Amino acid sequence: MNAPDPRPIRPLPEILINQIAAGEVVERPASVVKELVENAIDAGASRVDIELEEGGVRLIRIRDNGSGIAAEQLPLAVSRHATSKIANLDELEAVATLGFRGEALPSIASVSRFTLSSRRAHDEHGSALQIEGGKIGEVTPRAHAPGTTVEVRELFYNVPARRKFLRAERTELGHIEEWLRSLALARPDVELRVSHNGKASRRYKPGDLYSDVRLAETLGEDFANQAVRVDHSSAGLRLHGWIAQPHYSRASTDQQYLYVNGRSVRDRSVAHAVKMAYGDVLYHGRQPAYVLFLELDPTRVDVNVHPAKHEVRFRDSRLVHDFVYRTLKDALADTRAGMTAQEIGAGAAHPAEGGSASAMPGATASSFGYV
Ligand SMILES: Nc1ncnc2c1ncn2[C@@H]1O[C@H](COP(=O)(O)OP(=O)(O)OP(=O)(O)O)[C@@H](O)[C@H]1O
Ligand SMILES: [Mg+2]
């Protein structure tokens, strides 16, 4: 028997292409918040306002004071594979911005009721562009302060299969808050204000990375009070941040924050190196808590391996693993479980050997000579 004739091959309609991309990039309201706030940060914003309704399902409105977008470029901003962030392969391989794929806005716009409004500092007035059901409207004048606002209403209104997977308002809000916490840790220079259902719910005031305010605001006083400051460089790699002393261990991995060149990522090899560094000083089954920033030349790490950019690939992952392991092992050897900050500052750390560890809080850490 002959096989039936094949169905003809046809190009997919634009909206479906965007919805397929959205399937990878937009899992839930928190993914929308992530993409939009990352765009604000890439645009140099020092302040981002995040308004949410019903856990972000009904409304996500993100306003920034960044560079803005030219009126005639608004349609391009919501077009697939259009970006201002890279122009060729060399720039992709050395990318330093959080975004580079040119697909977040069109993906989000294809699964929501979407409005983009913007104004550059020297524009006479702002402009706006609306998209509904994948249809791009006209660019119209709109009053707007310098910066950009993106409004996303009724996420997944046209994708019932996805809508079904959304959880309770609290749960979705929790995911958004968790992501904002990880951003707030890495970018204390950016002020973040969050409101939910019309009520101000959180505000991260601007500060410095090692001012220690954000650390307590995000992870709590307990973590901040006993965390050990780490800062070590070698072979073009730098690892800095805070690690919890072994007595402050967790039952889960909920306080493990890793950033590679400022991007929050999960990396099994680095997580393994940290776990090994704690090794026998941690009780069985307990998890270490840490906030670690790994910095290296962007050409030594591939960020283009995951559509939502949750993972990276190191060109020399063995070297990275060993560097992280060694740095933290030395830092932990310099601490004693249960010692107070003063005791560690007075005796156990060795600034002359590169200053791998000092105790927080930052107010006293500066007097130890590491900050
Ligand atoms: N808040 C913003 N302020 C200024 N420009 C913006 C803002 N949001 C988006 N843009 C512009 O729109 C373009 C498209 O944004 P989009 O998020 O779709 O892609 P991207 O950030 O370039 O890459 P990615 O898909 O990886 O996020 C950006 O390259 C940028 O030029
Ligand atoms: Mg983006």
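Predicted model: local features only at pLDDT ≥ 70, side-chain atom pairs only at ≥ 80, totals over all residues.
β1 covers residues 47–53 and β2 covers residues 59–64. The two strands pair in the antiparallel sense over six bridges; strands count as paired if DSSP finds at least two bridges between them. Within this pairing, glutamate 51 stands opposite arginine 61 of β2.

Which residues of β1 make up its covered face? They are Val48, Ile50 and Leu52, while Arg47, Asp49, Glu51 and Glu53 make up the uncovered face.

β1 has another partner to look for: strand β8 (residues 191–196), which runs parallel to β1 and is joined to it by six bridges. Glutamate 51 turns up again here, with serine 195 as its bridge partner in β8.

Follow serine 195 and you reach the next strand, as this residue stands opposite alanine 200 in β9. β8 and β9 (residues 199–204) pair in the antiparallel sense over five bridges. They form a hairpin with two residues between the strands, and asparagine 197 takes a positive phi near 50° there.

## An enclosed strand

Why is strand β14 (residues 290–295) described as largely enclosed by the rest of the structure? Five of its six residues are buried, so the rest of the structure largely encloses β14. Buried means under 20% relative accessible area, exposed means over 50%, and partly exposed lies in between (1.4 Å probe, protein chains only).

β14 pairs with β11 (residues 237–243) through six bridges, and these strands run antiparallel. In that pairing, isoleucine 243 has tyrosine 290 of β14 as its partner. β14 also pairs with β12 (residues 256–260), this time parallel and through five bridges.

## The place of ligand 1

How many residues surround ligand 1? There are 22, and the closest are Thr83, Ser84, Lys85, Glu103 and Lys309. A residue counts as near if one of its heavy atoms lies within 4 Å. By class, this shell has nine nonpolar, seven polar and six charged residues. Ala, Val, Leu, Ile, Met, Phe, Trp, Tyr, Cys and Pro count as nonpolar, Asp, Glu, Lys and Arg as charged, and the others, Gly among them, as polar.

Polar contacts are pairs of N or O atoms within 3.5 Å. A polar side-chain atom of serine 84 lies 2.5 Å from an oxygen atom of ligand 1. For the side chain of lysine 309, an N or O atom is 2.7 Å from a ligand oxygen, and for leucine 105 a polar backbone atom is 2.9 Å from one. Taken alone, ligand 1 exposes 590 Å², and the protein buries 94% of that (Shrake-Rupley method, 1.4 Å probe). The elements that give two or more residues to the shell are α2 (29–42) and α5 (104–109).

## The whole protein

The protein has 13 helices and 17 strands. Of its 371 residues, 47% count as buried. Its C-alpha atoms fill a box of roughly 70 × 65 × 40 Å along the principal axes.

## How to read the values

Residues are numbered from 1 along each chain as its sequence is written, and chains are lettered from A and ligands numbered from 1 in the order in which they are written. Local features need pLDDT of at least 70 and side-chain atom pairs count only at pLDDT 80 or more, while totals for chains, interfaces and linings use all residues, and side-chain values use heavy atoms, leaving out hydrogens and water.

Conventions
Polar contact = N/O pair within 3.5 Å; in protein donor to acceptor, adjacent residues only side chain to side chain. Helix = DSSP H or I, 4+ residues; strand = E, 2+ residues; numbered from the N terminus.
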